[in-house]
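The following questions and answers concern a predicted model. Please consult the sequence and the structure while reading.

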Amino acid sequence: MVDVMRIRGIHRVQRVARHLRRRFTPKALILLYHCIAEKEIDPWALCVTEQHFAEHLEILRKHAHPVSLAQLVEAHRTGKIPSGAVAVTFDDGYANNLHNAKPLLEQFDIPATVFMVSGYLEKRREFWWDELERVLFRSDTFPEQLHLNLTGNDFEWNPGQSAVGEQESSDQSLGSDSLVTQSRARLSLYYSIWRQLQPLWEPLRQKALDEISSWANGAPLTRDERRTLLPEELLALEKGGLVEVGAHSVTHTLLSVLPPAVQRYEIHQSKKHLEKILGHPVRGFAYPFGAYTNQTIPMVREAGFTYACSADDGTVWHGSDCFQFPRCDVKDWDGDQFAKQLTKWFRN
């Protein structure tokens, strides 16, 4: 007869051993940024000001061990992760990564990796979530109703009836108290429409955005603080060797809802496009929205990437999967708040 209690005891000891091994094994952090700029309205809190970013880098230089992501990947491969190692990454490919972030990275001599959405390099439009924000927040008035047919389903919104739920509104996302008060209905409308656009294939999403812009009488506009990198700026970003470029798909579509053939295109084509511009292999990939399936990971390997990053908080240790590296999402904290969060991340 099997001694069930004895087996359970062994499993409990094994779990404790794994926990202790991970707790006292050298760990590293991969930090996730997006924009380094001032933003009046920031629905997803993606923006960190230049002042705060400089404070973050100063703390990393003084109290951590800044490394490039390529160095961290190699250290993980060899099982020699430096204690307190931190790698800086950016997602999407905003132009302010070159014009605002890179000078500060050079000032503190801290390397970084920028994961670029390749399809926006020649598009000369804002990312779709920024375009949606511009249309909904910059228009003076709206018609009574917005009606969209998305993948055969009808959706209707009444902007005057919108309200913000507790889970969807924050002072950080809107800025000043007056803006919070004035923008509640529009913020609620933004989140509601965003949820319907996120899983769409890019051509359908772009068509919907054009319909929304026409409905709101929004004039075509690409704001300098929200625009994406141009091909020549991508080359300038890598110049000097402090910043490396990785791939972040072609259109920043939710890979987990796409058919395998479309996922493969988004992954493979992003690599090919960036390599054609840069003239060298692109080694790293970041999953859009941090979303992927068991089918996605083999496609990333097949494309020739050597590692991939998710958007899940966590530390990197020798037991981490190099195609599911966790990253810690950085908010617009001042230096003291950032230092406390850094300590908290390392302790987890």
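**Helix crossing and aromatic pairs**

H2 and H12 are oblique to each other.

Q: At roughly what angle do the axes of helix H2 and helix H12 cross?
A: Helix H2 spans residues 50-63 and helix H12 spans residues 335-347. Their axes come within 9 Å. The crossing is right-handed, and its angle is roughly 45°.

Q: How do the residues of the contact of H2 with H12 divide into nonpolar, polar and charged?
A: On H2, the contact is made by Glu55, His56, Ile59 and Leu60. On H12, Gly335, Phe338, Ala339 and Leu342 take part. The residues of this contact divide into five nonpolar, two polar and one charged.

Q: Which kind of aromatic pair do Phe53 and Phe90 form?
A: Phe53 lies in helix H2 and Phe90 in strand S5, so the pair ties together parts that are 37 residues apart in sequence. Phe53 is buried at a relative accessible area of 0%, and Phe90 is buried at 1%. The ring centres are 5.8 Å apart with 70° between the planes. An angle over 60 degrees counts as edge-to-face, and the pair is therefore edge-to-face.

Q: Is Phe305 buried or exposed?
A: Phe305 pairs with Phe285 at 5.2 Å centre to centre and 50° between the planes, a tilted arrangement. Phe305 lies in the loop between helix H11 and strand S11, whereas Phe285 is in strand S10. The relative accessible area of Phe305 is 4%. Since buried means under 20%, Phe305 is buried.

Definitions and conventions:
Residues are numbered from 1 along each chain as its sequence is written. This is a predicted model: local features need pLDDT of at least 70, side-chain atom pairs count only at pLDDT 80 or more; totals for chains, interfaces and linings use all residues. Side-chain values use heavy atoms; hydrogens and water are left out. Axes are lines fitted to C-alpha atoms, for helices over the stretch in contact, and angles run from 0 to 180 degrees between N-to-C directions. Helices (H or I, at least four residues) and strands (E, at least two) are DSSP runs, numbered from the N terminus. Angles under 35 degrees count as roughly parallel, over 145 as roughly antiparallel, 65 to 115 as roughly perpendicular and the rest as oblique. A crossing is left-handed if the near helix is turned anticlockwise from the far one by less than a right angle, and right-handed if clockwise. Contact means heavy atoms within 4.5 Å. Ala, Val, Leu, Ile, Met, Phe, Trp, Tyr, Cys and Pro count as nonpolar, Asp, Glu, Lys and Arg as charged, and the others, Gly among them, as polar. Rings of Phe, Tyr and Trp (its six-membered ring) pair if their centres lie within 6.5 Å; planes under 30 degrees apart count as stacked, over 60 as edge-to-face and the rest as tilted. Buried means under 20% relative accessible area, exposed over 50%, partly exposed in between (1.4 Å probe, protein chains only).
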